[in-house]
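Subject: Structure handover

Hello,

Here is the structure you will be working with. Please open it next to this email and follow along.

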Amino acid sequence: MVKINAKPVNFKLGDYISDGYEFYKANFGNLLGAFFLAMIMSIIPFCGLLAVGNFYKYCRDLRAGRQVSAGDIFNFDNFTPYFMIQLILFAGIMVVYIPMIIMMVAMGEQDPSAGPPAVFFIYMLFVYVGILFVALKGFYMPALISLAGVTEIKQAWKISSVMSKGNLWSIFLYSLAVGFLSQLGVIACFIGLIFTIPFAYASHYFAYEDALKQVTYDEIQEIGIKNEF
């Protein structure tokens, strides 16, 4: 694990998108192949997040000029922290759905013409805002786990919360922009998604690389990493 000086980062929205595009264009075959392998790995139960994290490692090594291979994607070194995240997410979903189920049962006993009560809409709004807030605060967790070697979920969450402080709006706009660009493949009857979604992950990598440059005591060189994460 690298030494991290947790602090709010300078979020460079436009740079991440343009750098991600140039990197993807210059390494199209490699990144597309790695993305296909990540999709295959995602089929394995509880390995979806791990596959994405390994894709970021692949981007790091490819960018640094190291030898890359399929084994970089099918790597289980970080399985435990990502597995714990998925357990936490599952528990959170259960906590959210139990009150929702109770309210739906209660609504079933009411006059259908009355429509859903206001409390139901308020609750759903609270849930969506809460999920969005957690997702934005935890934006840097994949980078901390896969690229910086942070294995404790609580520690990764705390560091990500500090790094994203003051940047939630920028991260939100960035996620919308990258999400929109990556979904342009829908125009090509969904086939284009195969080519556009890897671009989104490549852009995310540059957001993570730049953030780690700002919080790791200058241990990252100009093109990437000084010491292997």
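Which residue's side chain meets the side chain of D61 in a salt bridge? The partner is R60, at 3.0 Å from N to O. A salt bridge here is a side-chain nitrogen of Lys or Arg within 4 Å of a carboxyl oxygen of Asp or Glu. Both D61 and R60 are buried. Buried means under 20% relative accessible area, exposed means over 50%, and partly exposed is in between (1.4 Å probe, protein chains only).

Some ground rules before the rest. This is a predicted model, where local features need pLDDT of at least 70 and side-chain atom pairs count only at pLDDT 80 or more, while totals for chains, interfaces and linings use all residues. Residues are numbered from 1 along each chain as its sequence is written, and side-chain values use heavy atoms, with hydrogens and water left out.

**The overall picture**

The protein chain has nine helices and zero strands. Helices (H or I, at least four residues) and strands (E, at least two) are DSSP runs, numbered from the N terminus. Along the sequence the pattern reads α-α-α-α-α-α-α-α-α. There are 229 residues in the protein chain, and 39% of them are buried.

Now the contacts, meaning heavy atoms within 4.5 Å. Take those between residues at least 6 apart in sequence: 71% of them join residues at least 24 apart.

The accessible surface of the protein chain is about 12500 Å². Carbon and sulfur atoms account for 69% of that surface. Accessible areas come from the Shrake-Rupley method with a 1.4 Å probe; for residues, only the protein chains shown count as cover.

Side chains of opposite charge can pair when their charged atoms come close. The salt-bridge count is six.

One of them joins the side chains of K12 and D210, at 3.2 Å from N to O. K12 lies in the segment before α1 (13-26) and D210 lies in helix α9, so this pair ties together parts that are 198 residues apart in sequence. K12 is partly exposed, at 29% relative accessibility. D210 is buried, at 12%.

Another joins the side chains of E209 and R63, at 2.8 Å from N to O. What does this pair tie together? E209 lies in helix α9 and R63 in helix α3 (residues 48-63), so the parts joined are 146 residues apart in sequence. E209 counts as buried, with 5% relative accessibility. R63 counts as partly exposed, with 26%. Salt bridges that share partners also join R60, D61 and R66 into one network.

**Two helices that pack**

Two packed helices are described by the angle between their axes and the distance between the axes. Look at helix α5 (residues 118-137) and helix α8 (residues 168-182). They pack at an angle of about 95°, with their axes 10 Å apart. Axes are lines fitted to C-alpha atoms, for helices over the stretch in contact, and angles run from 0 to 180 degrees between N-to-C directions. So α5 and α8 are roughly perpendicular to each other. The cut-offs are under 35 degrees for roughly parallel, over 145 for roughly antiparallel, 65 to 115 for roughly perpendicular, and oblique for the rest. From α5, the contact uses L132, F133, L136 and K137. From α8, it uses L168, I171 and F172.

**Residues to click on**

Start with H204, in helix α9 (residues 193-215). Is H204 buried or exposed? H204 counts as buried, at 16% relative accessibility. Leaving out residues up to four places away in sequence, H204 touches Y56, F139, Y174 and V178.

Next is Q86, in helix α4. Q86 is buried, with a relative accessible area of 18%. With the neighbours up to four places away in sequence left out, Q86 touches F46, C47 and L49. Q86 and L49 are 37 residues apart in sequence, and their C-alpha atoms are 8.3 Å apart in space.

F46 sits in the loop between α2 (28-42) and α3. F46 has a positive phi of about 65°, although it is not a glycine. F46 is partly exposed, with a relative accessible area of 43%.

Last, I93, in helix α4 (residues 79-108). I93 is partly exposed, at 42% relative accessible area. A nonpolar surface patch is formed by F90, I93, M94, Y97, I101 and V105, with about 590 Å² of accessible area together. Patches are made of residues with over 30% relative accessible area and no salt bridge: like charges are joined within 9 Å, nonpolar side chains (Val, Leu, Ile, Met, Phe, Trp, Tyr) within 5 Å.

Best wishes
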